[in-house]
Amino acid sequence: VLEGHVKIRVEAQLRLMKAEQKGRTVQRTALLTQQVRREQLEAVTLLYDFSRETGNGFLYLEVTALSKEVVLEPGYYGSPIPDARLNPTKLAAVICTYKREDYVKRNLQHLNQSIFAQPQQEIARYLDVFVVDNGKTLDRAVIETEQIRLFPNKNCGGSGGFTRGIIEALRRKGEFSHVLLMDDDILLESNVLIKTIRFLQIVRPEHADLAIGGSMLRLNRMQIQHEAGGRWTGYRIINYNHNLDLTENISLLQNEALEPPQYNAWWYCCIPLCLIDENNLPLPFFIKVDDIEYGMRITRKLLVMNGVGIWHEPFEKKQSPQLTYYDTRNKLVVNTLYEDRHLLLKNLLIVLRYMGKNLLRGYPEMAEFAVMGCRDYLKGISYFKEMDLEQQHEIILVNYRKISADKKHSDFYYWMTAILQYVVLFFKMSISYKYLKDDYACNIEKIKCVEYWKKQLEI
């Protein structure tokens, strides 16, 4: 049962409304109408059994004044569920960071002021924060409180940072029901955490394996949604409901009608710990595509809903040669693990895409990093098993500085070199793709278990 509560004085008409999407228009229907008259400012309650409602849409309250001087105070809606029926819920919110002290301190200060330091805010009982510091630059004395823990960590990228947080949550057996993965450079409203926790507390038992994803809105145009979950096609990422203007009602209704996403990015992704164990941890991708692979692997049900999201810098501002390396290498691995049809074609197109677009943009060094990513992928699972993530990243940065300083040739030279490199890769991938598929499928367990990660992270 849905209860709508509002305080009102004098005479007004209250209507419980339903809004649904019909094509490109919004259709509104009155479900319940009640005329009220109050001499004093008093609470008015509307009750409605919405279990019979089907489809997607919104329920909302409409108030129409029937006299000149109507006083209305803010109200709320809710469902009367006894505490004894609430699901045991506690989140370990993992923030992975690398030398972004100002971002982390800003978000932690907001959480302290709005949740942890508020005596009336009972939601604090259901939340702890793990700050995984890959740069080892944060001061424990400044960061840590009773509910905020700091974990200095070896720089194994976002993959290693978030995995460290998951391992720490698993170590405290039975304390946490979910792990919430969050980027350090997001703009976060504490109300999003409250909505997430409250929703998980009342979800039906058959949905205990439900993951909650937060949509991403653009920091430079804060009403524009970048993505509400996504899907990997084997060649490109589909950002669900990309570029929707969330000030428009029709956009909000479109978000409600989403088909289930395949994954949610780790800017805000809440995963039930019942889906995770010490042999089912993220892959050592360092950065890029790790959230896609993990979502494809463990997420059975994923919900992205209006009102749960964050703001983030748009990704067109975050292009670099090293990101090209990781994007290329890691997408080839994901395809090899999950694609059966046209695997070779899709992988060849990935390499061609990253090489071609960077050559056309006049960035030959970025095309070279696509080649490097493909070469490392071709080394198979032993490459990932034996490498040190932190050292490998340093090698990539050294190569970038070397290639950037060595621009001695004409554009024609770089084009011809790229074409020859692609031809060589074409033959290598054509010859080895079946072997690589077997290699990754049979040996992937070796690089997603806690023993592997403890060695990588030196914990």
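I looked up R125 first: at 54% relative accessibility it counts as exposed. My cut-offs are under 20% relative accessible area for buried, over 50% for exposed and partly exposed in between, with a 1.4 Å probe and protein chains only. The model is predicted, so I took local features only at pLDDT of at least 70 and side-chain atom pairs only at pLDDT 80 or more, while totals for chains, interfaces and linings use all residues. Residues are numbered from 1 along each chain as its sequence is written, and side-chain values use heavy atoms, with hydrogens and water left out.

**Salt bridges**

I called a salt bridge where a side-chain nitrogen of Lys or Arg lies within 4 Å of a carboxyl oxygen of Asp or Glu. The count by this rule is 27. R125 pairs with E122, and their closest N and O atoms are 2.9 Å apart. E122 is partly exposed, at 38% relative accessibility.

Then I checked R198. Its salt bridge to E122 has closest N and O atoms 2.7 Å apart. This pair links distant parts of the chain, 76 residues apart: R198 sits in helix α4 (residues 190-202), E122 in the loop between α1 (101-116) and β6 (127-133). I read helices (H or I, at least four residues) and strands (E, at least two) as DSSP runs, numbered from the N terminus. R198 is partly exposed, with a relative accessible area of 30%.

K154 and D388 came next. Their side chains form a salt bridge at 2.6 Å, N to O. K154 is in the loop between β7 (148-152) and α3 (157-171), and D388 is in the loop between α10 (381-386) and α11 (389-404), so the bridge ties together parts 234 residues apart in sequence. K154 counts as buried, at 7% relative accessibility. I also noted a network of salt bridges that links K90, D128, R172 and E175.

**Nonpolar cores**

I defined a nonpolar core as a set of buried Ala, Val, Leu, Ile, Met, Phe, Trp, Tyr and Cys residues joined through side-chain atoms within 4.5 Å. The largest has 71 residues, and I271 and I276 touch the most other members. Contact means heavy atoms within 4.5 Å. Leaving out residues up to four places away in sequence, I276 touches I166, L170, V179, I271, L281, Y294 and I298. Apart from this core lies another of 38 residues, including L127, M182, I186 and Y268.

**Helices α8 and α12**

I fitted axes to C-alpha atoms over the stretch in contact, with angles from 0 to 180 degrees between N-to-C directions. Helix α8 (residues 343-360) packs on helix α12 (residues 411-443) at about 160°, axes 10 Å apart. That makes α8 roughly antiparallel to α12, a label for angles over 145 degrees.

**Two single residues**

Is S190 buried or exposed? S190, in helix α4, is buried, with a relative accessible area of 9%. It touches H110, L111, S114 and I115, not counting residues up to four places away in sequence.

E42 lies in strand β2 (residues 25-48). It is partly exposed, at 37% relative accessibility. E42 and L72 are 30 residues apart in sequence and 9.6 Å apart in space, C-alpha to C-alpha.

How values were computed
Parallel < 35°, antiparallel > 145°, perpendicular 65-115°, else oblique.
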